[in-house]
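Here is a walk through helix packing and a ligand shell. Please keep the sequence and the model in view while reading.

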Amino acid sequence: MNEAEIISQSLEAVAERAGDPAPAVFARLFAEFPQAEPRFARDVNGSVRGEMLAMVLNCLMDPGGPYQLHLVRAERLNHDGFGTPSQEFDRFFGVVHETCRDLAGPDWTAEYDTAWRAQIDRVLQGSQ
Ligand code: HEM
C-alpha cells in the first residue's frame, strides 16, 4: 500500500469510530489558537471549515502534486493577508493529524502515523 492508500484507510477508521471529524478538528484548532475562532464568524453554516478540511485531506493524497503545492502556497499567502499567520496555517495540518489519531483511538496504527507525518512533511516542504 502507498501512503495515500494508508491515509484513506486511516480516515475510514476515523469515520467508523467517530463519523465526521470536522467538529473535533475545529474544537482542537480553537483550543490551540483561541484568536482564530472569531475569524470564522461569517462561516455560519460551516462550509468554509468543511472546505479547509477537504483541501487538507486532498493534499495528503498527493502532497507532491504541482496542483496541491501551488494551491497550498497560494492559500498560505491569502490566509496571511486575512489575518492567519503562516505558522498557524501550517500547523492546521498537524491539528488534523492529531485529531484523527485521537478519534480513531485503538484503531490507529503506527503505520498510519508514519504515513501522515511523511505526507505532511512533503506538502509543507514543497510549498514554502
Ligand atoms: C490555523 C490555520 C487556519 C486558519 C485559522 C484558517 C482560517 C480561515 C478563515 C477565517 C477562512 C475564511 C476566510 C473568509 O472570511 O472568507 C478560511 C478559508 C479557507 N481556508 Fe483556511 N485557515 C487555516 C488553514 C488552512 C489550510 C491549512 C488550508 C488548506 C491547505 C486552508 C484552506 C482554506 C480554504 C480553501 C478556504 C476557503 C476560502 C479561500 O479559498 O480563501 N486553510 N480559512
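A crossing is left-handed if the near helix is turned anticlockwise from the far one by less than a right angle, and right-handed if clockwise. Helices are DSSP runs (H or I, at least four residues), numbered from the N terminus. The model is predicted, so local features need pLDDT of at least 70 and side-chain atom pairs count only at pLDDT 80 or more, while totals for chains, interfaces and linings use all residues. Residue numbers start from 1 along each chain as its sequence is written.

By this convention, H1 passes H6 in a left-handed crossing. On the H1 side (residues 3–18), the contact is made by Glu3, Ile6, Ile7 and Ser10; H6 supplies Glu111, Tyr112, Ala115, Trp116, Ala118 and Gln119. Contact requires C-beta atoms, placed from the backbone, to lie within 7 Å.

H6 (residues 110–126) also packs against H5 (residues 86–104), at an angle of about 170° and with axes 10 Å apart. Axes are lines fitted to C-alpha atoms, for helices over the stretch in contact, and angles run from 0 to 180 degrees between N-to-C directions. H5 and H6 are therefore roughly antiparallel, the term for angles over 145 degrees. Asp90, Phe93, Gly94, His97 and Arg101 of H5 meet Asp113, Trp116, Ile120, Val123 and Leu124 of H6.

The ligand is surrounded by 22 residues, the closest being Ala36, Arg39, Met52, Glu88 and Phe92. A residue counts as near if its C-beta atom, placed from the backbone, lies within 6 Å. H3 (47–61), H4 (66–81) and H5 each give two or more residues to this shell, and H3 gives the most, with six.

How values were computed:
Parallel < 35°, antiparallel > 145°, perpendicular 65-115°, else oblique. Contact = placed C-beta atoms within 7 Å.
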